[in-house]
Amino acid sequence: KKMGLESIKNYRKYIVISLMLLVIDLICFYQGYFKKIDVTFYQFLASFQSEHITMLMKTITFFGSTIGVVMVCLICCLFHFQKGLLLSVHVAIVAIINQIIKVIVARPRPSVIHLVEENSYSFPSAHAMVSMTLFGLIAYWLYPRHRYLAILILVIPIFIGMTRIYLGVHYTSDVIAGFLFSITYLSIVISLMKNHKWPSFS
């Protein structure tokens, strides 16, 4: 019981830390502190633009798209229906939250050449936010028995976030915010899993 209580306390600590980081990020965003970073990082990634790299970026970004995410969720359902369904529900919730925030903030897309077509608002990045929830939760479930695989899976949303900047459809600040919103959501969900013994892959 003591071990369980300590575990819950640790996850509550993660909730506080993630919330603090998210609040700091939002303050910096509204104060315009990310403007230089947005421009600099896009220019850095754009300097590598080529036909082959663009094709690779489009392939990677697919796994953060609606079709790509649904595909991964379906694969998870095939391995374990209950857990795959639970994953799908959390992904759907985060996607809805993302769309609400987009409408509230109403930030236009970057005024650069878009290498893929996007019509919605920019902040926060849905690809970054949803993919971090999707692969972050899978990584959490796999970590007890497959640590290296879990760490490798966590790299996927980071690459997806980078593709959004490279493709010119998101600012760096959009991607960072998407990650932080998702991490905050995950820290809350995982804390509830520990507290109420929800299903896991452990």
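**Figure 1. Contacts of Leu87 in the predicted model.** Leu87 touches Cys76, Leu134, Leu137, Ile138 and Trp141, leaving aside residues up to four places away in sequence. The model shown here and in the other views is predicted.

**Figure 2. The largest nonpolar core.** This core holds 34 residues. Leu87, Leu134 and Ile138 touch the most other members. Helices H1 (2-30), H4, H5, H6, H7 (147-166) and H8 each give two or more residues. H6 gives the most, with 10 residues. A second, separate core has 12 residues, including Tyr42, Val116, Ala128 and Phe179.

**Figure 3. The salt bridge of Arg107 with Asp38.** The closest N and O atoms of this pair are 3.3 Å apart. Arg107 lies in the loop between H5 and H6, and Asp38 lies in helix H2 (residues 35-46), so the bridge ties together parts that are 69 residues apart in sequence. Both Arg107 and Asp38 are buried. Asp174 joins Asp38 and Arg107 in a network of salt bridges. A search of the whole structure finds four salt bridges.

**Figure 4. Salt bridges at Glu118.** Side chains of opposite charge can pair when their charged atoms come close. Glu118 forms a salt bridge with Arg164, where the closest N and O atoms are 2.7 Å apart. Arg164 lies in helix H7 and Glu118 in the loop between H5 and H6, so this pair ties together parts that are 46 residues apart in sequence. Glu118 also meets Arg109 in a salt bridge, at 3.8 Å from N to O. Arg164 has a relative accessible area of 2% and is buried. Arg109 counts as buried at 12% relative accessibility. Glu118 is partly exposed, with a relative accessible area of 25%.

**Figure 5. The second largest pocket.** The space in this pocket is about 370 Å³. Its lining has 21 residues. Gly64, Ser65, Thr66, Ala95 and Val130 lie nearest the centre of the pocket. Helices H4 (66-79), H5 (81-105) and H6 (126-142) each give two or more residues to the lining. H5 provides the largest share, seven residues. The lining divides into eight nonpolar, nine polar and four charged residues.

**Figure 6. Surroundings of Thr184.** Thr184 lies in helix H8 (residues 172-196). At 5% relative accessibility, Thr184 counts as buried, because buried means under 20%. Thr184 touches Ser18, Leu19 and Leu22, not counting residues up to four places away in sequence.

Key. Residues numbered from 1 in each chain as written. Predicted model: local features only at pLDDT ≥ 70, side-chain atom pairs only at ≥ 80, totals over all residues. Heavy atoms only, no water. 1 Å grid on protein atoms, 1.4 Å probe; cavity = no way out; pocket = protein on both sides within 12 Å on 5 of 7 lines; lining within 4 Å. Points joined across faces, edges and corners; volume = space filled by probe spheres on them. Helix = DSSP H or I, 4+ residues; strand = E, 2+ residues; numbered from the N terminus. Nonpolar A, V, L, I, M, F, W, Y, C, P; charged D, E, K, R; others polar. Buried < 20%, exposed > 50% of the residue type's maximum accessible area, 1.4 Å probe, protein only. Contact = heavy atoms within 4.5 Å. Core = buried A, V, L, I, M, F, W, Y, C linked by side-chain atoms within 4.5 Å. Salt bridge = Lys/Arg side-chain N within 4 Å of Asp/Glu carboxyl O.
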